[in-house]
Each structure stands twice: as C-alpha cells, then as structure tokens.
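Reader: I am new to this structure. Please take me closely through one part of it, and tie the rest to that part.

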Amino acid sequence: MPFTWQTIVWALPLGWVVFTLIIFTATHYIDFQINSKHLSITLFRISIRKISLSDIHRVSKNLKGKPEIWRNTFSPNHRMLVIYRKNQLRPIVITPKNRYVFRNRIEEEIKKHI
C-alpha cells in the first residue's frame, strides 16, 4: 500500500509533537555530578558533557555573556549556577537542586587539585 498525501500530512506534525514531548520529558532527567577530575552532565546516567575541574576559573550565580545552557527544570531562576572556564570559552549554565551546596562541592574539589 503506497503512502498517500493524507498520511504524510498527518504523520509529519504528529512526529514533531512526539519528538517535542520526548525532549521536554528528557530535560527532567539531566543530572550534574562531580568526581575527582570532572564535572559531568548526565542524561539517564550517561555522560553527555564533561568539564575538567582544572579548566574551571570560577563559579557564580551571575551570568555575563552568552552561555551554553544545561537545565533540568522549567523555572531555573533560583537554581542557576554559572561556570566560567579559564580558556575564555562560553560560560556554562547548570541548574542543580541546591546551587550553593553544589557550588561549595565544586570549589572544594578545585582546591584539592591546586
């Protein structure tokens, strides 16, 4: 049975709706973890982005510049944490659950490597 235009007209928008729902659902499963060498951004426990702790210049809650955004919530205002890197690349915005606790953990790990 060949595809008809009517099937294509319905399947294409339906595919975009399903794709959008998957993306919005997956954002809640983004997590941030610190190990001895890296800050890892994970999705379903699979590392999708790593930032070396030795590359982090400072951690702040104030944003300057155009960032690379990794959020796991739809209201990031009071959870936003900005990571500035030494090599002057774009800052990275993350939204951990407790930003001040997470910031202290990052700063402690950085001090261990200095």
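Author: Start with the exposure words: a residue is buried under 20% relative accessible area, exposed over 50%, and partly exposed in between, with a 1.4 Å probe and protein chains only. This is a predicted model, where local features need pLDDT of at least 70, side-chain atom pairs need pLDDT 80 or more, and totals for chains, interfaces and linings use all residues. Residues are numbered from 1 along each chain as its sequence is written, and side-chain values use heavy atoms, without hydrogens or water.

Helices (H or I, at least four residues) and strands (E, at least two) are DSSP runs, numbered from the N terminus. Leucine 12 has 55% relative accessibility, so leucine 12 counts as exposed.

Now the part to examine: helix α2. Helix α2 covers residues 99-113, and arginine 105 is one of them. With a relative accessible area of 39%, arginine 105 is partly exposed.

What does glutamate 109 touch, leaving aside neighbours within four places in sequence? Its contacts (heavy atoms within 4.5 Å) are Ile34, Asn35, Ser36 and Leu53.

Glutamate 109 has a charged partner too. Its salt bridge (a side-chain nitrogen of Lys or Arg within 4 Å of a carboxyl oxygen of Asp or Glu) is with lysine 112, and the closest N and O atoms are 3.3 Å apart. Both residues lie in helix α2, three residues apart, or about one turn of the helix. Lysine 112 is exposed because its relative accessible area is 63%, whereas glutamate 109 is buried at 17%.

A second bridge in the helix joins arginine 103 to glutamate 107. The closest N and O atoms are 3.3 Å apart. Why are arginine 103 and glutamate 107 about one helical turn apart? Because they are four residues apart in helix α2. Arginine 103 is partly exposed, at 24% relative accessibility. Glutamate 107 is partly exposed as well, with a relative accessible area of 29%.

The structure holds three salt bridges. One of them pairs glutamate 68 with arginine 49, the closest N and O atoms being 2.8 Å apart. This pair links distant parts of the chain: glutamate 68 is in strand β5, arginine 49 is in strand β3 (residues 46-52), and the two are 19 residues apart. Both residues are buried. Side chains of opposite charge can pair when their charged atoms come close.

A nonpolar core is a set of buried Ala, Val, Leu, Ile, Met, Phe, Trp, Tyr and Cys residues joined through side-chain atoms within 4.5 Å. The largest such core has 16 residues, and those with the most contacts inside it are Leu39, Ile56, Ile83, Ile94, Phe102 and Ile106. Helix α2 supplies at least two residues of this core, and so does each of β1 (30-34), β2 (38-43), β4 (56-60), β6 (81-85) and β7 (92-94). Take isoleucine 83. Beyond four places in sequence, isoleucine 83 is in contact with Leu39, Ile56, Arg58, Pro91, Ile92, Ile94 and Ile106.

Next, a buried residue in a loop. Asparagine 72 lies between β5 (68-70) and β6. Its relative accessible area is 13%, so asparagine 72 is buried. Not counting residues up to four places away in sequence, asparagine 72 touches Thr27, His28, Ile30, Phe32, Arg79 and Thr95.

End at another loop. Phenylalanine 44 is in the loop between β2 and β3. Its phi is near 55°, a positive value in a residue other than glycine. At 52% relative accessibility, phenylalanine 44 counts as exposed. Arginine 45 lies in the loop between β2 and β3 too. Arginine 45 has a positive phi of about 65°, although it is not a glycine. With a relative accessible area of 81%, arginine 45 is exposed. Most residues other than glycine have a negative phi.
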